[in-house]
Every structure is written in C-alpha cells, then in structure tokens.
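Dear colleague,

I am pleased to hand over the structure below for your files. My notes on what was found in it follow directly after.

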Amino acid sequence: VEKLSASLEEALMFSNKKINEIDWLVPHQANQRIILAVADRMNIDVSKVISTVKDHGNTSAASIPLALDKAISTKKILNGNLVGIHAIGGGLSWGASIIRIGQPKLL
C-alpha cells in the first residue's frame, strides 16, 4: 500500500496533476483489501476505483489491461478521462502512470 501510494503520488507530481483531477484509478488487481487501502490512503472515493479482482482474480501483469478493457467496454471510462494506473510485482518492483484516454487514430 505504501509503495503503490507513493508511486501514484510521484506520477501525479511529474504530470502536474492533483489527485482530485483523476477521473478513475485502475490499480493492480492484487486483492480488494489493498485496492481499498490505497484508495483510502490517497483519499480517492471508491466509486472512482475500477475493481475487477472479483471477476478475474489476481492476473498479475494482465490485471490492469483487463480492468481497463472492462471499464472502457462498459462505458465507465470515456475518451478524455484522466486515469491513474499503478502496479506492484515480483521482486518488489512498482510503478505508476497518469494517462489520458483518447480515441485511436487511423494511420
């Protein structure tokens, strides 16, 4: 919880954004307890947190893409939304990013 929160705070700082500007948080889906603890620590309303751990379990590196796909396909996350993502993995590595969802452009 400490590493995930700290990495999200750092990503916000580097992107010149504040936590209240985030439309959605899509965390690594390790377990619901961690997801809720990070939301609480970061003062993010749980209604803005995408959680699919009950549907997919902990799918490791696939958890964020699966959660993003579900949130986008169910029209929770929309074009233009600002989304925070963060994950932690084996060997105690962690990271976060702030992304803006956009419409793909045809090349």
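Which residue in β3 stands opposite histidine 86? Alanine 96 does. Please note that this is a predicted model, in which local features need pLDDT of at least 70 and side-chain atom pairs count only at pLDDT 80 or more, while totals for chains, interfaces and linings use all residues. Residues are numbered from 1 along each chain as its sequence is written, and side-chain values use heavy atoms, with hydrogens and water left out.

The sheet

Three strands make up an open sheet with mixed pairing, in the order β1-β2-β3. Strands (E, at least two residues) and helices (H or I, at least four) are DSSP runs numbered from the N terminus, and two strands pair if DSSP finds at least two bridges between them. The edges are held by β1 and β3, each with a single partner strand, so one side of each has no neighbour in the sheet. From one strand to the next, the twist averages 15°.

β2 and β3 run antiparallel and are joined by eight bridges. Besides the pair already mentioned, isoleucine 85 has serine 97 in β3 as its bridge partner. The two strands form a hairpin with three residues between them, and glycine 91 in the turn has a positive phi of about 75°.

Helix α1

Helix α1, residues 2-14, has 13 residues and reaches 18 Å from its first C-alpha to its last, close to the 18 Å expected at 1.5 Å a residue; the expected span is 1.5 Å times one less than the number of residues. Buried residues in α1 are Leu4, Ser5, Ser7, Leu8, Ala11 and Leu12. They lie on the same side of α1 because they cover an arc of only 165° around the axis, the arc being that of the directions from the helix axis to the C-beta atoms. The face turned away from this buried side carries the exposed residues Glu2, Met13 and Phe14. Here buried means under 20% relative accessible area and exposed over 50%, with partly exposed in between (1.4 Å probe, protein chains only).

The buried residues of α1 pack against β1, α2 (32-42), β2 and β3 (93-100), where contact means heavy atoms within 4.5 Å. α1 lies across β1, β2 and β3 and runs at about 40° to β3; axes are lines fitted to C-alpha atoms, for helices over the stretch in contact, and angles run from 0 to 180 degrees between N-to-C directions. Just after α1, asparagine 16 takes a positive phi of about 55°.

In the segment before α1 stands valine 1, which is partly exposed, with a relative accessible area of 33%. Leaving aside neighbours within four places in sequence, valine 1 is in contact with Ile34, Ala37, Val38 and Arg41. Its C-alpha atom is separated by 9.4 Å from that of isoleucine 88, 87 residues apart along the chain.

Helix α4

In α4 (residues 63-73), the buried residues are Ser63, Ile64, Ala67, Leu68 and Ala71. Their arc around the axis is only 125°, which puts them on the same side of α4. Among the elements covering them are β1 (24-27) and β2 (82-89).

The nonpolar cores

The largest nonpolar core has 16 residues, of which Leu8, Leu12, Met42, Ile44, Val49 and Ile98 touch the most other members. Such a core is a set of buried Ala, Val, Leu, Ile, Met, Phe, Trp, Tyr and Cys residues joined through side-chain atoms within 4.5 Å. α1 and α2 each supply at least two residues of this core, and its largest share, five residues, comes from α2. Apart from this core lies another, of 11 residues, including Trp24, Ile64, Ala67 and Ile85.

Two residues deserve a separate mention. Leaving aside neighbours within four places in sequence, methionine 42 is in contact with Ser5, Leu8, Glu9, Leu12 and Ile19. Alanine 39, found in helix α2, is buried, with a relative accessible area of 1%. With neighbours within four places in sequence again left aside, alanine 39 is in contact with Ile44, Val46 and Val49.

Yours sincerely
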